[in-house]
Amino acid sequence: MKKTIAFLLFSLSLTFVFAQEVDLNVVHRIKEEGLNNSKVEDIAFHLTDASGPRLTNSAGYKRASDWAVKQLTEWGLKNASLEKWGDFGKGWQVEKSYVAMTAPYYFQISGTPKAWTGGTDGPISGDVTLLAIEKDEDFKKFEGKIAGKIVLIKSTANTHPTFEADASRMTDKELEELSKQPIGSSSRYTPEVIAQYMARRTFSRKVDEFLKKENARLVIRGRNGKHGTYFTSNGASYSVDAPPAIAELETAPEHADLMARLIEKGIPVKVEADIKTSFTLDPASYNVVAEIPGTDKDLKAELVMLGGHLDSWHSATGATDNAAGSTVMMEAVRILQTIGLKPRRTIRIALWAGEEQGLYGSRNYVKNHFADPADMKIKPEHSKISGYFNIDNGTGRIRGIYLQGNDAVRPIFEKWFTPFSDMIDNPTVTIQDTGGTDHQAFDAVGIPGFQFIQDPIEYDTRTHHSNADTYERLMMGDLKQMAVIVATFVYNTAQMQEKLPRKPLPAAKGPSQF
């Protein structure tokens, strides 16, 4: 409690020191370049259509990261490179995937091989066994009965018609409520929800172990989703020494459940399949980094960072998660470089690998450069970074920013939003934390790290980790707005006389971090 009171008093005393006038001429130039000469469409095209799915350590991730380094270099940024953050595990990609029901009639099945699973070793066909296991007692029913079989697991998705639009923007009421929330997490994942999720995951792993022990040939698993959209899961193990996983197809729930209903009514179902996947065994993994060098002799050794994760899941091209964020951050530094601004501090962009498996790229970057939250032994670079800004909530425009409990930056950010009244109504600055993405790696070691509040659009209903997450789901006007605001926040941070105020350093969290 004493620490909290001291921090709040310290924050008030710093308000005058840190507040600075917004350079409206610079903001105008950023808007002019970002809105009238934008390159977001081209950047997004190269990261999605041209690169393909960007699962960490896959060929698609390498295409995207190599292109990003080349493009950042061509724009004039310095030290653009692939920086190794550590060892991740196997890369994996799909080379061929065909699955269809052939009896009682022909029907093409919509699905995607589960990440890091094996193939069928050529074409296969056979009867389908419906695996109805909902509790531990059900396993005995299938012991010795599924070896070499094609096994179907029906979905648990709610596939009823929907009466609300998939896409939405945050309402004034929602933003007002968010602004009034106390310090804490804004996550919708309550302890009860997390406990239920962990129980389901534990049971699902038990089912997977059973399928492998019983030597099933192919698993067809109905996933969550509806209306042709399905959401992929976390995949099999990507450890270099992990044993091969059974071939598995994650399938649209309507297609899995069609076959399940036929079997439940006593009508035999046959399927043919031909799935080929391949692995890359080099475990080394890399982030993309590049810089606009600082120019102030006293401040150029200090940093302002911006970023988003470049990796994606694999059933589509990862447009909203998170080519959108990578596009915005690349466009933000392009704007600053193109209009010839000379920041006092160095501006460094980072596009992260391994976010989808646990923020690996950003967490290990922070560990390598700044501090490890396990022991909180501070490295020299920790005192040189002013802050980090992140985008990773889809294609929706910026509506405000999460302070992550750092109330000392409130007056600063509120002032920085003032020139954008033509682009954002009533920007919301909330004391709330938000989680699930890369700013947490910085916040965990006491570095100011921030995620912007964004309109959801179709993120949770249609695109997040789904087969619908393609270029068409990007709203280019919203990406332009985000790039302009991010560029301004980053530049303003680089120009401040002092670094952004910080929360008290967190305590060491023990050896189980990353």
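Q: Why does D298 count as exposed?
A: In this predicted model, D298 has 58% relative accessibility. Exposed means over 50% relative accessible area, buried under 20%, and partly exposed in between (1.4 Å probe, protein chains only). The value of 58% therefore places D298 among exposed residues.

Q: What makes the pair K297 and D298 a salt bridge?
A: A salt bridge is a side-chain nitrogen of Lys or Arg within 4 Å of a carboxyl oxygen of Asp or Glu. The closest N and O atoms of K297 and D298 are 3.4 Å apart, so the pair meets the rule. K297 is exposed as well, because its relative accessible area is 69%.

Q: On what basis is the model described?
A: Residues are numbered from 1 along each chain as its sequence is written, and side-chain values use heavy atoms, with hydrogens and water left out. Because the model is predicted, local features need pLDDT of at least 70 and side-chain atom pairs count only at pLDDT 80 or more, while totals for chains, interfaces and linings use all residues.

Q: How many salt bridges does the rule give?
A: The count comes to 35 salt bridges. One of them joins E264 and K154, with the closest N and O atoms 2.7 Å apart.

Q: Why does the pair E264 and K154 tie together parts that are apart in sequence?
A: E264 lies in helix α7 (residues 253-264) and K154 in the loop between β6 (150-153) and α5 (172-179), so the parts tied together are 110 residues apart in sequence. Helices (H or I, at least four residues) and strands (E, at least two) are DSSP runs, numbered from the N terminus. E264 counts as partly exposed because its relative accessibility is 45%, and K154 is partly exposed at 38%.

Q: Is R462 buried or exposed?
A: R462 counts as buried, because its relative accessibility is 14%. The side chain of R462 meets that of D166 in a salt bridge (2.7 Å, N to O). D166, at 24%, counts as partly exposed.

Q: What makes the largest nonpolar core a core?
A: A nonpolar core is a set of buried Ala, Val, Leu, Ile, Met, Phe, Trp, Tyr and Cys residues joined through side-chain atoms within 4.5 Å. The largest one has 80 residues, and those with the most contacts inside it include L72, M330 and I349. Helix α13 (residues 476-495) supplies the largest share of this core, 12 residues.

Q: Which residues does I349 contact, leaving aside its neighbours within four places in sequence?
A: Contact means heavy atoms within 4.5 Å. Among the residues in contact with I349 are L72, L77, V288 and M330.

Q: Why are the buried residues of α3 on the same side?
A: In helix α3 (residues 40-47), V40, I43, A44 and L47 are buried. They cover an arc of only 95 degrees around the axis, which puts them on the same side of α3. The arc is that of the directions from the helix axis to the C-beta atoms. The buried residues of α3 pack against α4 (59-74), α8 (319-338) and α13.

Q: Why does M482 count as buried?
A: M482, found in helix α13, has 0% relative accessibility and therefore counts as buried. The C-alpha atoms of M482 and I398 are separated by 5.8 Å, although the two residues are 84 residues apart along the chain.
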